[in-house]
Amino acid sequence: MAEPMVPNPRHAKLQRLLTEAQERAQEVRQAYQRASSAMRSGKVWTGPTATTWTTELEDRHQRLGRLAQRVVDAIEEELRRHPPLVTESQANATRREMAGRT
């Protein structure tokens, strides 16, 4: 008789982590948009120093967005390694393993 298939606790945990990472990545992508727009408007600060500062702000913002996406990509890759359903004994072993890490 085959063991019943149950939700994989590791897959479920990774799915929750992925959702959180995606939400944070979205926040990161929007983080400096208002500041950048304000600086580019020419109404906040002008001149060569302002231009340099704005360019640096936007460069850092782009880099931060790329790094946040790399986190999301890494979680998605790990999630693909763990099936959504496993046998009950595999799920129990995974729970024991996960409990030992916390």
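Reply: V44, W45 and W53 form a nonpolar patch on the surface, with about 310 Å² of accessible area together. This is a predicted model, where local features need pLDDT of at least 70, side-chain atom pairs count only at pLDDT 80 or more, and totals for chains, interfaces and linings use all residues. Residues are numbered from 1 along each chain as its sequence is written, and side-chain values use heavy atoms, leaving out hydrogens and water.

Me: Why is the pair of W45 and W53 called tilted?

Reply: Rings of Phe, Tyr and Trp (its six-membered ring) pair if their centres lie within 6.5 Å; planes under 30 degrees apart are stacked, over 60 edge-to-face, and the rest tilted. By this rule there is 1 aromatic pair. The ring centres of W45 and W53 are 6.0 Å apart and the planes stand at 55 degrees, so the pair is tilted.

Me: How do you know that the protein chain is more spread out than a compact globule?

Reply: The protein chain follows the pattern β-α-α-α-β-α along the sequence. Its radius of gyration is 22 Å, well over the 13 Å that the globule rule gives for 102 residues, so the chain is more spread out than a compact globule. The radius is taken over C-alpha atoms, and the rule is 2.2 Å times the number of residues to the power 0.38.

Terms used:
Patch = residues over 30% accessible without salt bridge, like charges linked within 9 Å, V, L, I, M, F, W, Y side chains within 5 Å. Areas by Shrake-Rupley, 256 points an atom, 1.4 Å probe, with all protein chains shown as cover. Salt bridge = Lys/Arg side-chain N within 4 Å of Asp/Glu carboxyl O. Helix = DSSP H or I, 4+ residues; strand = E, 2+ residues; numbered from the N terminus.
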